[in-house]
Each structure stands twice: as structure tokens, then as C-alpha cells.
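Look at the sequence and the model below before reading on. The paragraphs that follow go from the sheet to the aromatic rings and then to the core.

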Amino acid sequence: MKQLQMKYHTSAGKSKTLSVNYVDQNLTGKQVKKAMGTIAASKIFIKDAVFLYDVPVSAKYVERTETPLFDDEAGESTPEVPEAAPAAR
């Protein structure tokens, strides 16, 4: 699954990222930039008098790969881990 990450500057000049899962993966830069502008213009995300998504900066798709090593919740047994030898002094 790809995630859309949209980077903004807050009205205080700091960076803030808005991430969205399950998004259309065929969006153009122009479409995303327009949507980001709409979000910024709405001024609905505010905290301590700072607009969190004030100025659109960039956007990208991010794809994460996970490699499970073990999962006790899935009923798998934990692999035996040999004890480490005492450190030499």
C-alpha cells in the first residue's frame, strides 16, 4: 500500500506532514497541489493559534516494506536465542 505524504509549513514556519492511506495512486502533482491548497485555505486545522497546514510545500507517495521476524500474537513460538557469552574485561 502506498501512502500519500503532504508536507506543509505551519503559520509559525515549522514543517508539518499530513499522511493519507488508501489514496488513488494515479493522482498528478497538479491534482495533489490543488487539493493541498484547498486544505490550506480551509484553515480548519489549528492548535494554539497556529494553522498547522498553512503553506503547501511538497507531496510524495511512500511505500513501506515490513519484514516480520516473529509474532507472538499470531501464535508463533519465539525462536530460541542463545545467551551471550560474558564480556571480557
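Strand 1 (residues 2-9) and strand 5 run antiparallel and are joined by 8 bridges. Strands here are DSSP runs of E with at least two residues, helices are runs of H or I with at least four residues, and both are numbered from the N terminus. The model is predicted, so local features need pLDDT of at least 70 and side-chain atom pairs count only at pLDDT 80 or more, while totals for chains, interfaces and linings use all residues. Residues are numbered from 1 along each chain as its sequence is written, and side-chain values use heavy atoms, with hydrogens and water left out.

The open sheet consists of 3 strands in the order 2-1-5, with antiparallel pairing. Its edge strands, which each pair on one side only, are strand 2 (15-20) and strand 5 (55-63). Two strands count as paired if DSSP finds at least two bridges between them. Strands of a sheet pair through backbone hydrogen bonds, either parallel or antiparallel.

Next come the aromatic rings. Which residues form one aromatic cluster? They are Tyr 8, Phe 45 and Tyr 53. Rings of Phe, Tyr and Trp (its six-membered ring) pair if their centres lie within 6.5 Å; planes under 30 degrees apart count as stacked, over 60 as edge-to-face and the rest as tilted. The structure holds 2 aromatic pairs. In one, the ring centres of Tyr 8 and Tyr 53 are 5.2 Å apart and the planes stand at 65°, so this pair is edge-to-face. It links distant parts of the chain, since Tyr 8 is in strand 1 and Tyr 53 is in the loop between strand 4 (50-51) and strand 5, 45 residues apart. Phe 45 and Tyr 53 also form an edge-to-face pair, with 5.3 Å from centre to centre and 85° between the planes.

Is Tyr 53 buried or exposed? Buried means under 20% relative accessible area, exposed over 50%, and partly exposed in between (1.4 Å probe, protein chains only). Tyr 53 has a relative accessible area of 10%, so it is buried. Phe 45 has 36%, so Phe 45 is partly exposed.

A nonpolar core is a set of buried Ala, Val, Leu, Ile, Met, Phe, Trp, Tyr and Cys residues joined through side-chain atoms within 4.5 Å. The largest one has 10 residues, including Tyr 8, Tyr 53, Met 6 and Val 32. Strand 1 and helix 1 (29-42) are the elements that give two or more residues to this core.
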